[in-house]
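Please open the structure in your viewer and follow the stops below in order.

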Amino acid sequence: MDQDDFWATIERARALGGPLHEALETVLADMPAEAVVDYSQHYDEHGAALHRWDVWAAAYLIGGGCSDDSFMDFRAGVIAQGRECHRISLTGPDRLADLPLVLAGDGEDLFYEDFVYVPANAYRRLTGGDDLVAAQRTRYPQRLDEPDMGEDFDFDDPAEMRRRLPRLAALFLDDSPRT
């Protein structure tokens, strides 16, 4: 499975309708176990690419706060939205303000915890309980590098958030003085 296959698998699942995580699990469970391992590796790589302070700040604004677990769910939601959403998040997370679901106030849909577990669930269905992480380490023995998260900054500083993510800040920061 290559990058194009990875994104096509998500779109194939989307076309089935219903909750995307359930549809994707079904699609993956119909593939060979090796393909699920490949999918999981690509998923991890795409999630690692999003592991940056500016993307986390976008999640913080959209979600009204964002813990490390919530940030994992946010990265899953970005991937679930597809290739274009992932590209936008990488090239300019402030442009997430253009997404219809963010503009409509449904940005919480970007926090998609159930999507995180899809590869492991599909692999378990295929193998009867084998460990996907162990299979992935065998097939991909090289470890993903720790991401360069970029410059850290204070998400609770409204002026800093407005400077770095002006469009998202305009949507989500309250302009009234805080006491």
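Begin with helices H3 and H9, where H3 passes H9 in a left-handed crossing (the near helix is turned anticlockwise from the far one by less than a right angle). Helices here are DSSP runs of H or I with at least four residues, numbered from the N terminus. To see the contact (heavy atoms within 4.5 Å), select Ala33, Val36, Val37, Tyr39 and Ser40 of H3 together with Pro119, Ala122, Tyr123, Leu126 and Thr127 of H9.

The model is predicted: local features need pLDDT of at least 70 and side-chain atom pairs pLDDT 80 or more, while totals for chains, interfaces and linings use all residues. Residues are numbered from 1 along each chain as its sequence is written, and side-chain values use heavy atoms, without hydrogens and water.

Next, select Tyr43 and Phe115, which form a tilted aromatic pair, 6.2 Å centre to centre with 50° between the planes. Rings of Phe, Tyr and Trp (its six-membered ring) pair if their centres lie within 6.5 Å; planes under 30 degrees apart are stacked, over 60 edge-to-face and the rest tilted. Tyr43 lies in helix H3 and Phe115 in helix H8 (residues 113-116), 72 residues apart. Both Tyr43 and Phe115 are buried (under 20% relative accessible area; exposed is over 50% and partly exposed in between, with a 1.4 Å probe and protein chains only).

Now move to Tyr60 and Phe155, another tilted pair, at 5.3 Å and 55°. Is Phe155 buried or exposed? Phe155 counts as buried because its relative accessibility is 12%.

Finally, select Trp53, Trp56, Tyr60, Phe71, Phe153 and Phe155, which form one aromatic cluster.

Conventions: Helix = DSSP H or I, 4+ residues; strand = E, 2+ residues; numbered from the N terminus.
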